[in-house]
Amino acid sequence: MKRILVAIKRVVDYNVRIRVKPDGSGVITDGVKMSINPFDEIALEEALRLKEKGIVEEVLAVSIGTADCQQQLRTALAMGADRAILVQTDAVIEPLDAARIFRALCERETPLLAILGKQAIDDDCSQTGQMLAALWGRPQATFASKVEINGDVARVTREVDAGLETIEVDLPAVITTDLRLNEPRYVKLPDIMKAKKKPLDTLDPGALGVTPVERLKPVKFEPPPVRAKGVMVKDTQELIDALRRKGLA
Amino acid sequence: MNRILIVGEHDGSRLNPAIAKCVTCARGIPDAEITIAVFAADPTAVAADAATVAGVDRVVTVTHAIHSNALAAAIAPQLAELAAAYTHVFGPSTTFGKDLMPRVAALLDAPQVSDLMAVESATRFRRPIYASNAITTVAAAEGSKIIATVRIASFEAAGVSVAPAPIEAVTVAAEPATHTRFISVSSARSDRPDLQTAAKVVSGGRALASADNFGILFKLADKMGAAVGASRAAVDAGYAANEMQVGQTGKIISPDLYLAFGISGAIQHLTGIKDAKTIVAINKDPEAPIFEVADIGLVGDLFQIVPELDRLLG
Ligand SMILES: Cc1cc2nc3c(=O)[nH]c(=O)nc-3n(C[C@H](O)[C@H](O)[C@H](O)COP(=O)(O)OP(=O)(O)OC[C@H]3O[C@@H](n4cnc5c(N)ncnc54)[C@H](O)[C@@H]3O)c2cc1C
Ligand SMILES: Nc1ncnc2c1ncn2[C@@H]1O[C@H](COP(=O)(O)O)[C@@H](O)[C@H]1O
């Protein structure tokens with residue numbers, strides 16, 4: 001069966017104002033709204049559209065993390081994923097280990113595409129997709145804003161610093177999503193009910209041959225430096241005067 | 001001795017200015033010996049450029065026809081092979097570096113520090129997380145190989161050296177992958193300063209309301225010698241090109257002057273401008289969050305203020 005594997009990371013919702021714990025041991029996540037990483041929602045939407053076009057038959061959603069990630073996987077199933085796998089662990093998973101887990105799953109599930117987000121908005125690493133592609137020995141098309149599948153190749157438009165780049169990759173391949181790839185659909189109430197019956201399997205990282213290692217130990221968390229309070233000016237002339245005093249106009 | 005290999009991003013003829021910033025970052029590592037690697041179809045001009053970055057000890061070149069366009073899948077196996085002799089492998093936090101470096105890290109089975117913003121030791125670094133709403137210090141085990149992308153807004157460019165570093169052509173056994181093919185790149189090339197390195201940036205948000213209206217910002221920018229940026233809302237609405245986006249998912253910039261017109265100041269946008277020396281905000285809503293970070297604020301209608309600025313700057 002032709003399928004797409006989609007990564008679904010549970011992260012602090014993008015509207016939450018992040019605060020660092022006073023003792024510097026981390027950021028406050030207790031009682032904070034959690035959501036699917038916005039880029040992963042876009043990944044799922046793209047997979048669903050490719051399924052609707054008849055290019056694949058199954059969309060498999062995968063999350064790595066604590067038992068709570070089931071909530072985000074249920075949302076993914078309600079959006080339209082056919083099946084979900086939670087690779088359950090309480091350990092901190094660095095991108096390299098996430099990539100190892102995805103590689104093991106890609107070898108088992110042989111998807112046509114693995115679609116991940118271009119970055120997780122918690123760690124902002126932007127690594128996992130590229131690492132998966134390297135370990136899996138497959139092409140990567142990162143920061144995608146357009147995807148076209150033609151037989152056994154994908155043509156992908158990428159958002160790069162210079163503008164838009166188009167590359168062609170042999171399938172299977174890894175794609176990471178940029179924000180402008182699509183607008184994810186809303187979940188409808190009846191779909192939430194239906195999603196309860198869809199299969200959600202739980203696996204241990206060990207079952208995939210992965211023992212997570214902490215390679216980069218976070219030793220400290222700090223709030224960012226605050227900028228000094230600015231001044232308000234009345235009109236355009238005052239603005240120009242202020243800029244001239246700073247030698248900026 | 002720490003041996004640092006920096007991948008020399010280029011456009012075929014010139015070294016990307018971000019590399020001189022990576023060199024400054026690398027020089028922060030104690031007892032560092034710095035090499036720039038240039039992968040190109042013809043590396044001559046770029047290597048000569050790289051050799052004059054102050055603080056660089058050596059430039060190595062890998063020549064292959066496939067490198068006429070930069071593809072991560074083609075460069076990664078060759079860079080990973082070169083990396084065997086180094087303690088650190090750095091690339092810039094540009095889309096090129098973000099695409100390439102994790103692929104290299106995985107091939108080397110090494111961790112990557114993304115958006116490295118400060119060096120505390122050879123194995124201890126600071127980096128932003130949560131859209132720069134927190135800064136974390138991470139430490140790797142002594143002796144482990146470190147891959148990093150360098151947050152270029154955090155470092156000044158290294159100067160130019162009068163005595164160029166030696167350039168050496170090297171051969172690698174790893175063949176570039178061919179499963180990935182470059183097709184085309186489209187960009188609105190302009191004579192305006194580059195957004196990522198410009199000293200001044202004029203930027204517009206959703207309030208501009210059309211691509212035509214963005215014209216008034218271009219006009220002002222040209223008068224000021226500034227680059228033009230945009231918020232994501234302006235890009236999504238089609239008022240500005242995607243490469244103009246500033247913010248968490250666009251470009252992180254550090255100009256001397258950032259002028260924001262009709263931008264509300266969402267955290268994802270502010271992430272991109274926190275390193276600007278002076279932020280000026282023009283917004284008709286006095287409650288707009290951008291005023292919380294602005295050094296100079298002016299409440300008013302941009303459609304009145306932009307032409308006035310243009311005229312008064314004469
Ligand atoms: C995962 C994620 C990543 C994101 N990444 C980015 C990013 O990289 N960059 C980015 O910019 N955004 C990003 N965003 C979007 C961000 O959250 C905001 O939606 C966006 O920045 C808003 O753009 P804006 O300020 O132009 O529009 P708005 O928020 O709509 O603000 C328009 C402003 O214009 C003012 N205004 C209206 N008319 C006038 C006038 N005539 N004169 C003066 N002022 C006027 C209004 O008062 C208002 O403050 C991201 C969002 C997510 C979820
Ligand atoms: N623990 C995880 N569970 C599910 N997906 C993940 C996980 N970690 C990373 N990913 C995927 O990898 C992308 C990039 O993450 P990162 O490299 O951490 O920025 C995310 O958008 C997800 O698609």
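Residues are numbered from 1 along each chain as its sequence is written, while chains are lettered from A and ligands numbered from 1 in the order in which they are written. Because the model is predicted, local features need pLDDT of at least 70, side-chain atom pairs count only at pLDDT 80 or more, and totals for chains, interfaces and linings use all residues; side-chain values use heavy atoms, with hydrogens and water left out.

**Around ligand 2**

Let us start with ligand 2, which has 19 residues around it. A residue is near a molecule if one of its heavy atoms lies within 4 Å of it. A:Asp40, A:Ala120, A:Ser126, A:Gln127 and A:Thr128 come nearest. An oxygen atom of ligand 2 lies 2.7 Å from a side-chain N or O atom of A:Thr128, and a backbone N or O atom of A:Ser126 is 2.7 Å from a ligand oxygen. For A:Cys125, a backbone N or O atom lies 3.4 Å from an oxygen of ligand 2. A polar contact is a pair of N or O atoms within 3.5 Å; within protein, one must be able to donate a hydrogen and the other to accept it, and residues adjacent in sequence count only if both atoms are side-chain atoms.

Taken alone, ligand 2 exposes 480 Å², and the protein buries 98% of that. Such areas come from the Shrake-Rupley method with a 1.4 Å probe; for residues, only the protein chains shown count as cover. Strand 4 (58-65), helix 3 (95-109) and strand 6 (113-117) of chain A each give two or more residues to the shell, and strand 4 has the largest share, 3 residues. Helices (H or I, at least four residues) and strands (E, at least two) are DSSP runs, numbered from the N terminus.

**Salt bridges**

A general point comes first: side chains of opposite charge can pair when their charged atoms come close. A salt bridge is a side-chain nitrogen of Lys or Arg within 4 Å of a carboxyl oxygen of Asp or Glu. Over all chains, the structure has 40 salt bridges. Three of them are listed here.

| Residue | Partner | N to O distance |
|---|---|---|
| A:Glu45 | A:Arg49 | 2.6 Å |
| B:Arg14 | B:Asp49 | 3.9 Å |
| B:Lys219 | B:Asp310 | 3.0 Å |

A:Glu45 and A:Arg49 are 4 residues apart in helix 1 (residues 38-52) of chain A, so about one helical turn separates them. Buried means under 20% relative accessible area, exposed over 50%, and partly exposed in between (1.4 Å probe, protein chains only). A:Glu45 is buried at 2%, whereas A:Arg49 is partly exposed at 32%.

How far apart in sequence are the parts that B:Lys219 and B:Asp310 tie together? B:Lys219 lies in helix 5 (residues 214-224) and B:Asp310 in helix 8 (residues 302-312) of chain B, so the pair ties together parts 91 residues apart in sequence. B:Lys219 is exposed at 54% relative accessible area, and B:Asp310 is buried at 7%.

**Inside and outside**

B:Thr271 sits in the loop between helix 7 (267-270) and strand 15 (278-283) of chain B. With a relative accessible area of 3%, B:Thr271 is buried, and its side chain reaches the backbone oxygen of B:Ala131 at 2.9 Å.

By contrast, A:Leu189, in helix 5 (residues 189-195) of chain A, is exposed at 65% relative accessible area.
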